[in-house]
Amino acid sequence: MLLSEVAAASADVGATSSRLAKTARIADVLGGAGPGLVGLVVSWLSGELPQRQIGVGWAALRSLPLPVDQPTLTVEGVDAVFTTIGATSGPGSKKQRAELLGGLFATATEVEQLFLRRLLGGELRQGAAIGVMYEAVARAADVPAAGVRRAAMLGGALPSVAEAVMTGGAGALDRFMLEVGRPVGPMLAQTASDVADALERLGGRAVFETKLDGARVQVHRNGDTVRIFTRTLDDVTARLPEVVEATVALPVTTFVADGEAIALRPDGRPHRFQVTASRFGRSVDVDAARAAQPLTIVYFDLLHLDGDDLLDEPGEQRVAALERVVPPGNRVERLVTSDAGEAQAFLDRTIAAGHEGVVAKALDVPYEAGRRGAGWLKIKPVHTLDLVVLAVEWGSGRRTGKLSNIHLGARDPDSGGFVMLGKTFKGMTDALLDWQTEHFLSIADGPTDGWVVRVRPEQVVEIAFDGVQTSTRYPGGMALRFARVLRYRDDKTPAEADTLHTVRAFHDRP
């Protein structure tokens, strides 16, 4: 199969706003993929690499050779190059990866280059959300979309389900069941504005749980064997021995539970997220890291217990089973109430204890694996900063032809300049995209035909964010977490923007 077929499909999907058209176009290209390629094409059109990270970032994609006129690259060949790049390490590996990448792009057409650049740069925003992908796979295989969705939830990955159903038909879906030791797509929460909003949307009564600022994990136990998976379904068992030990100590035989691994201070308050996150690095000395700061596992849901699958049981019943086998110190704090004042007091206590916020949950909903279910609603305080736009990136997919992703900078009072803290394209309406495209082109400080358009540091923007984390990616050593645009502040000058000192105060907050 030629790469050009996938690249053309991606471009077509990004050029239409019709969900039906997107579904039909993806189904068409899947129908043309042979055995062994369907899962790979599904991964790519979902914006993911089967290899996950291969050591190629935007810096490596800035200078590319000119495209060729005729397509010759195959899907199999490109995937093999990605695998080789990802496996390249040691002295001189950076140069080797660059040569492999350059050779790949030197044989790609213009459409293929655009697709590859966006895929490798994590910018393949073509409007093919996971729901569209489920429907496209179902259409290509002529099976019910609900069956594809559930199989993907339990199988942990849509590409493997797509590969199976395209070759084995509807019957292949039956083998995707909850299996202890195989990760399940995690249920996610939608957002509520406050506790009153959450109670109203959940029918007037709900359970409120502490939202810990830890690392989401899914823990499987089968006898004395424990496996731990991240939210993205990576196996991190070897990096979390204390979680293994705590799970082996439970009075269970088979067990699948959802929780948070978190670094806690002696007084029970959480360390900054980076302390927890540092334990998940591939090159971490686990014994030394554990001795310096052990992690605690805190469970909040139970999916399987001693031979019984609990996914389809009401949340109240799943938690009752969790409480029977997990001690209080390893369970999240909960409050069941219909009183908004009581819920707000619980939220206030949670924030005062240093945690992120709360998650409100309906008592009767099943575990909707792999979905952002309406039965779970997260409530977190919103922090804001007034920052300065330093550059803007041209958009892709639905945003093609518009300036989208903005580079954010805080004022450095010592140098008089601005220091970049991250990027965001979230929170932008179509009207705002139109305005900022015109505006930023008018204050461009250099060429506008490249991927990134530098602008004069004149525009202040109010940014909401969840926190500030340590980062080696940006010169200030910090980056905003989950930044999104609230509004542009034409009433403020760059001299009134927040400083690095203000940002660092968020970063250093206990």
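Tutor: Happy to! Helix α2 passes α7 in a right-handed crossing, meaning that the near helix is turned clockwise from the far one by less than a right angle. This is a predicted model, in which local features need pLDDT of at least 70 and side-chain atom pairs pLDDT 80 or more, while totals for chains, interfaces and linings use all residues. Residues are numbered from 1 along each chain, and side-chain values use heavy atoms, without hydrogens or water.

Helices here are DSSP runs of H or I with at least four residues, numbered from the N terminus. The axes of α2 (residues 19-31) and α7 come within 8 Å and cross at roughly 50°; they are lines fitted to C-alpha atoms over the stretch in contact, with angles from 0 to 180 degrees between N-to-C directions. On the α2 side, the contact (heavy atoms within 4.5 Å) involves residues including L20, I26 and L30, and on the α7 side V132, M133 and V137 are among them.

Now to the surroundings. The largest nonpolar core has 54 residues, and W44, F82, F115, L116 and L120 have the most contacts inside it. Such a core joins buried Ala, Val, Leu, Ile, Met, Phe, Trp, Tyr and Cys residues through side-chain atoms within 4.5 Å, buried being under 20% relative accessible area with a 1.4 Å probe, protein chains only. Helix α7 (residues 130-141) gives the most to this core, with seven residues. A second, separate core of 35 residues includes V184, A198, V256 and V359. Back in the largest core, W44 touches residues including L3, V78, F82, F115 and L124, leaving out those up to four places away in sequence.

Notes:
Buried < 20%, exposed > 50% of the residue type's maximum accessible area, 1.4 Å probe, protein only. Helix = DSSP H or I, 4+ residues; strand = E, 2+ residues; numbered from the N terminus.
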